[in-house]
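Here's a quick walk through a protein model, from its overall layout down to a few individual residues. Have the structure open as you read.

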Amino acid sequence: MPDDPSKTTNTGTDPAGWSVDVDPARPGEDRVLVVVDVQNDFCPGGALAVPGGDEVPAVINELSRQFDHVILTQDWHPAGHLSFASSHPGARPFATVELPYGPQVLWPDHCVQDTEGARFHPGLAVRNCELIVRKGYRREVDSYSAFRDNDRRSPTGLAGYLRERGLRRLFVVGLATDFCVAYTALDARRLGFEVTVIEAGCRAIDLDGSLGAAWEQMEEAGVMRG
Ligand code: VGL
Ligand code: ZN
């Protein structure tokens with residue numbers, strides 16, 4: 001592998017000689033829909049409700065039919081996760097604290113492993129999902145991105161999966177635009193993937209201008225708006 005992963009171009013065969021299943025006769029085969037965190041806790045009535053979050057499942061269901069490859073991500077925290085305000089005595093949700101890896105917004109307890117809030121929204125009906133990436137399962141570090149934890153060190157394995165499968169064009173939807181969708185899209189660009197965020201399939205938290213800032217960074221990084 002080259003040292004700089006952004007220099008990798010996927011030719012349909014990985015550097016170790018394994019052929020991947022991209023069929024050149026089917027130009028859509030290298031496209032993948034990445035559905036970020038469409039879970040009960042991010043929808044109205046949930047612990048960290050994103051306004052209009054329950055409007056995205058219908059859009060995503062429809063979109064998923066146009067893709068040969070669909071991946072879901074699932075925020076999946078242990079009880080007592082360090083991103084929860086409840087883990088910091090005296091702290092309020094939506095405040096920012098310094099953790100060893102940098103600033104971290106504190107959230108209400110949400111998406112606790114194997115609870116109702118962590119389950120996918122019941123309106124999400126994506127028949128052709130081939131992989132579910134869980135993230136945020138280490139107590140001491142949050143993970144907005146589907147590619148790596150917020151400490152920027154621990155990869156989830158998704159980049160390797162996509163490369164090995166020849167999936168190089170990512171279309172990202174889900175919740176929330178300004179956190180997990182944006183972090184996922186930005187990391188995907190850093191890793192050399194082509195990325196489009198489909199706004200109709202996203203909703204934002206918009207904390208202190210975070211939505212505008214996220215779009216600025218995404219545009220700067222070459223993320224396309226779909
Ligand atoms: C998310 C805050 C905390 C998200 C996850 O999915 O955008 N936001 N955990
Ligand atoms: Zn979370």
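The report below starts with the overall layout and then moves to the sheet, a helix, the ligand and a loop.

## Ground rules

This is a predicted model, so keep the cut-offs in mind: local features need pLDDT of at least 70, side-chain atom pairs count only at pLDDT 80 or more, and totals for chains, interfaces and linings use all residues. Residues are numbered from 1 along each chain as its sequence is written, while chains are lettered from A and ligands numbered from 1 in the order in which they are written.

## Overall layout

Reading from the N terminus, the order is β-α-β-β-β-β-α-β-α-β-α-β. Of the 226 residues, 42% count as buried. Buried here is 20 or more other C-beta atoms within 10 Å of the residue's own, exposed is 12 or fewer, and partly exposed is in between, with C-beta atoms placed from the backbone.

Contacts are pairs of residues whose C-beta atoms, placed from the backbone, lie within 7 Å. Among contacts with a separation of 6 or more, 72% link residues 24 or more positions apart.

UniProt's unreviewed entry puts "domain: Isochorismatase-like" at residues 32–222. UniProt positions follow the numbering used here, feature names are shortened, and annotations may be inferred rather than shown by experiment. That span is 21% helix and 23% strand, and its end C-alpha atoms lie 18 Å apart.

## The sheet

Six strands make an open sheet, ordered β5-β2-β1-β6-β7-β8, with parallel pairing. The edges belong to β5 and β8 (224–225), each with a single partner strand, so one side of each has no neighbour in the sheet. Strands count as paired if DSSP finds at least two bridges between them.

Now for β6, where 6 of the 7 residues are buried. It runs parallel to β1, joined by 6 bridges. Leu33 has Phe171 in β6 as its bridge partner, and Val34 stands opposite Val172 in β6. Another 6 bridges join β6 to β7, also in parallel, and Arg169 stands opposite Glu194 in β7. From β6 the chain crosses through α3 to β7, a right-handed β-α-β crossover (clockwise from the first strand over the helix to the second, with the strands pointing away from the viewer).

## A covered helix

How many of the residues of α3 (177–190) are buried? The count is 12 of 14, which leaves this helix mostly covered. Among the buried ones are Phe179, Cys180, Tyr183 and Leu186. The cover over the buried residues includes β1 (31–36), β6 (169–175), β7 (194–203) and α4 (210–220). After α3 comes Gly192, with a positive phi near 95°.

## Around the ligand

Ligand 1 is surrounded by Asp37, Phe42, Asp75, Trp107, Tyr144, Leu175, Ala176, Phe179 and Cys180. A residue makes this list if its C-beta atom, placed from the backbone, lies within 6 Å of the molecule. By class, the shell has 7 nonpolar, no polar and 2 charged residues. Nonpolar covers Ala, Val, Leu, Ile, Met, Phe, Trp, Tyr, Cys and Pro, charged covers Asp, Glu, Lys and Arg, and the others, Gly among them, are polar.

## Out on a loop

Arg127 sits in the loop between β4 (102–105) and β5 (129–135). Why does Arg127 count as exposed? Because 8 other C-beta atoms lie within 10 Å. Arg127 and Gly117 are 10 residues apart in sequence, yet 21 Å apart in space, C-alpha to C-alpha.

Terms used
Helices (H or I, at least four residues) and strands (E, at least two) are DSSP runs, numbered from the N terminus. Two residues are in contact if their C-beta atoms, placed from the backbone, lie within 7 Å.
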